[in-house]
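The structure comes first, the report after.

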Amino acid sequence: MFSSAPSFLTEMGHARRRPKRLAEKLRDIRESLGISQQEMAARLGHDVAARNVSRYERDKSEPTLKVLLAYARFAGVSVEQIVDDDQDLNAIAPEDSQGA
């Protein structure tokens, strides 16, 4: 799906690897919040449709950075937790309930 990065980028540490657990984590966030793909799309904003959420969760498409940030804020986790395969998601708490 993605071509390998040019060697000079890899040597400089700029090669971008697609997170292997991204789809799983995005699905886990939504399911932990107990909402549908359609409701998740509405809460994410940024013109995200339910079909986009489905594609993210099936690893058919990768969300933009803005969408990842929206996921993180909504779930009360960091973007790093979502995209770093070596990190697990902490307890998920919707943004609305934080500080209440």
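## Basis

This is a predicted model: local features need pLDDT of at least 70, side-chain atom pairs count only at pLDDT 80 or more, and totals for chains, interfaces and linings use all residues. Residues are numbered from 1 along each chain as its sequence is written, and side-chain values use heavy atoms, with hydrogens and water left out.

Helices are DSSP runs (H or I, at least four residues), numbered from the N terminus.

## Nonpolar core

The largest nonpolar core holds 20 residues. Such a core is a set of buried Ala, Val, Leu, Ile, Met, Phe, Trp, Tyr and Cys residues joined through side-chain atoms within 4.5 Å. Buried means under 20% relative accessible area, exposed over 50%, and partly exposed in between (1.4 Å probe, protein chains only). Ile 29, Met 40, Leu 44, Tyr 71 and Ile 82 have the most contacts inside this core.

The largest share, seven residues, comes from α5. In soluble globular proteins, nonpolar side chains tend to be buried together.

## α3 against α5

How do the axes of α3 and α5 cross? Helix α3 (residues 37-44) and helix α5 (residues 65-75) have axes that come within 10 Å and cross at roughly 105°. Axes are lines fitted to C-alpha atoms, for helices over the stretch in contact; angles run from 0 to 180 degrees between N-to-C directions. The two helices are therefore roughly perpendicular. The classes are: under 35 degrees roughly parallel, over 145 roughly antiparallel, 65 to 115 roughly perpendicular, the rest oblique.

Met 40, Arg 43 and Leu 44 of α3 meet Val 67, Ala 70, Tyr 71 and Phe 74 of α5. Contact means heavy atoms within 4.5 Å. The contact residues divide into six nonpolar, no polar and one charged. Here Ala, Val, Leu, Ile, Met, Phe, Trp, Tyr, Cys and Pro count as nonpolar, Asp, Glu, Lys and Arg as charged, and the others, Gly among them, as polar. Leu 44 touches Val 53, Val 67, Ala 70 and Tyr 71, not counting residues up to four places away in sequence.

## α2 against α4

The axes of α2 and α4 are 7 Å apart, at an angle of about 130°. The pair is therefore oblique. From α2, the contact uses Ala 23, Leu 26, Arg 27 and Arg 30; from α4, Val 53, Tyr 56 and Glu 57. Four of these residues are nonpolar, none polar and three charged.

Arg 27 sits in α2. It counts as partly exposed because its relative accessibility is 30%. Arg 27 and Val 53 lie 26 residues apart in sequence, yet 8.6 Å apart in space, C-alpha to C-alpha.

## The loop between α3 and α4

His 46 is in the loop between α3 and α4. Its phi is near 50°, a positive value in a residue other than glycine. Asp 47 lies in the loop between α3 and α4. Asp 47 has a positive phi of about 60° and is not a glycine. At 81% relative accessibility, Asp 47 is exposed.

## Gln 81

Is Gln 81 buried or exposed? With 7% relative accessibility, Gln 81 counts as buried. Its place is helix α6 (residues 79-83). The Gln 81 side chain reaches the backbone nitrogen of Ser 78 at 2.9 Å.

Beyond its neighbours within four places in sequence, Gln 81 contacts Lys 25, Gln 87, Asp 88, Leu 89 and Asn 90.

Definitions and conventions
A polar contact is a pair of N or O atoms within 3.5 Å; within protein, one must be able to donate a hydrogen and the other to accept it, and residues adjacent in sequence count only if both atoms are side-chain atoms.
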